[in-house]
Amino acid sequence: MKKIFEITLGIVTSVGGFLEIGSIATAAQAGAAFRYQLIWSVVLGTICIAFLVEMSGRFAAMSKHTLVDAMRERFGASFFSVPLIVMFLVSLLVLAAELGGLAVALELATGISLRAWAVPAAIVAWLLLWVTNFSVIENGVSLLGLVTIAFVVGAVKMHPDYHAALAGVLPSMPHKDATSYWFIAVSVIGASISPYLVYFYSSGAIEEKWDRSYLATNRAVAALGMGFGGFLSVSVVVLAARVLAPRGIRVDHYDQLALLLLPPLGRWGFWLVVVSLGVACLGATLEVVLSLAYQVAQGLGWNWGENLAPADDARFSGLYSLVIVLAVAILIAGVDPLKLTMFSMALTAAALPFGTFPLLVLMNDEAYLGEHTNGYIGNAVVLFVSAMAAVLAIVAIPLQILGG
Amino acid sequence: MRETSRHISTPFAEDRGRRACRAARFRRCQTVFRTLRRVCVASVPLFAAACKSDQQKAAESRQSIQSWQSTMRMVDSAAARHELPARFVARVRATAHEEIEKASKQ
């Protein structure tokens, strides 16, 4: 009974925590610009993140090591510093985007500028990290994130063309504006895969003292939780394809995002988008901050743990406080939050091999995993999606910048 | 005395080994440089295609104007049904006017 409860809670929190500003913004842009044609990028990203999450949980349960810890041990400090620095910088941009999303939700709700909301939003996030523990963050905020199911309700109420949506699951070449098509595709993949989630999940497994009895729970949470989460992202694509695309509205500004649920849900629609955006971004902000602090603290061998009192892991707590300040500084500098979101997601895709390739080496090492090393399918899927996303991103990002 | 001197007995041989090593490194650098040059030359047409012509820029501006006009229409009709807060409606109108003006100038 306890196991069933754990699996259910794990799936529910994964679903609630799946959508964040990156997934919402990129999926809405995909639907508004190319209708159902880019659904394949959400599906591809979701399959890859499900494999990665399952691997990171299995690794923690079997080896009692976090990924970062094992990476440093297996590859040595100098090699390890490369993925650490790349992932840190990319995750910092993602954090600024998530904090921006939270500030945008507050701006939509109150009319007060998001720059004014950046600092209060950051203080709320910091306070939650300072005074609560891992379970509150993982379960509490993610459970609130279930409000994002409103996107599924809205998509169904708009009576989408299910045949066209199903056809979008298969990759196809763009009929127009190829640069934009590929740029949005890599941004969607980057938003779905989010390496910070992998580090967060792996560290959470250690914080909650997982052992080999958690392998089945881990597999169920990764497959079902991420699967349903991906379904939420597809719903946003479908909604944008039914609400924004026929009217010729492109998502150039967050205000246009707020119109997504207006036709299917009326007055409630606006507020559901605002609450979904706020809760999803708050949850993602907490996860990215912790993930950044985990990466550095585990890499440098500091005391770490969200379940410890700040006095017991002072450098870890100091680091996440500093990381929040840096993200606020990026936001206050005047960067457009939607552009920041799109580029940070595309950069995440470009940086994927730095995180996934060392992970694959670890996942095939019997010294850590015994008989539970990776199978051929897991290796092939992660290798293929990471390499493809990185190549597409390296080509699409400069083209998009050049094309204005 | 260094351990390698057991295998390379004379200073001349040691010097020759060092030169061979330098030459090999140079060849590797040359190969990398040539590959990079080929990639850059091959990608020039791709990047040239990405640089938009005046016509394309004008078409994009028209599309942006149309997008914001549609946004305003949608917001206005929702506001008439009292489905949106007045503050939000006012802000979208202001942003839309600003964006349309910006696109018209391009």
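Me: Which pattern does chain B follow when read along the sequence?
Reply: This is a predicted model, in which local features need pLDDT of at least 70, side-chain atom pairs count only at pLDDT 80 or more, and totals for chains, interfaces and linings use all residues. Residues are numbered from 1 along each chain as its sequence is written, chains are lettered from A and ligands numbered from 1 in the order in which they are written, and side-chain values use heavy atoms, with hydrogens and water left out. Chain B has three helices and zero strands, where helices (H or I, at least four residues) and strands (E, at least two) are DSSP runs numbered from the N terminus. Along the sequence, the pattern of chain B is α-α-α.

Me: What percentage of the 106 residues in chain B is buried?
Reply: A residue is termed buried under 20% relative accessible area, exposed over 50%, and partly exposed in between (1.4 Å probe, protein chains only). The accessible surface of chain B is about 8100 Å², with 58% belonging to carbon and sulfur atoms; such areas come from the Shrake-Rupley method with a 1.4 Å probe, and for residues only the protein chains shown count as cover. Of the 106 residues in chain B, the buried share is 24%.

Me: What is the area buried between chain B and chain A?
Reply: The contact (heavy atoms within 4.5 Å) takes 25 residues from chain B and 28 residues from chain A. Buried area is the accessible area (1.4 Å probe) that two parts lose on being put together, summed over both. Carbon and sulfur atoms give 62% of this area, whose value is about 2300 Å².

Me: Which residue of chain B forms a salt bridge with Asp255(A)?
Reply: A salt bridge places a side-chain nitrogen of Lys or Arg within 4 Å of a carboxyl oxygen of Asp or Glu, and the count between chain B and chain A is two. In the one that involves Asp255(A), the closest N and O atoms are 2.6 Å apart, and the partner is Arg91(B).

Me: Which element gives the largest share of the side of chain B that touches chain A?
Reply: The elements that give two or more residues to this side are α1 (11-50), α2 and α3 of chain B. The largest share, eleven residues, comes from α2(B).

Me: Where is His82(B), which has a positive phi although it is not a glycine?
Reply: Most residues other than glycine have a negative phi. The phi of His82(B) is about 60 degrees, and His82(B) counts as exposed because its relative accessibility is 57%. His82(B) lies in the loop between α2 (54-80) and α3 (86-105) of chain B.

Me: What phi does Lys209(A) have?
Reply: Lys209(A) is placed in the loop between α11 (195-207) and α12 (215-243) of chain A. With a relative accessibility of 67%, Lys209(A) counts as exposed. Its phi is positive in a residue other than glycine, with a value near 55 degrees.

Me: How many disulfides does a search of the whole structure find?
Reply: A disulfide is a pair of cysteine sulfur atoms within 2.5 Å. Over all chains, the search finds zero disulfides. Cys21(B) is in no disulfide, and the nearest cysteine sulfur, at 11 Å, is that of Cys29(B). Cys21(B) is partly exposed, with a relative accessible area of 42%, and the disulfide total over all chains is zero.

Me: Which elements of chain A are included in what covers the buried residues of α8(A)?
Reply: Helix α8 (residues 150-157) of chain A has as its buried residues Ala150(A), Phe151(A), Val152(A), Gly154(A) and Ala155(A). Their cover includes α2 (21-34), α12, α14 (262-265) and α15 (267-300) of chain A.
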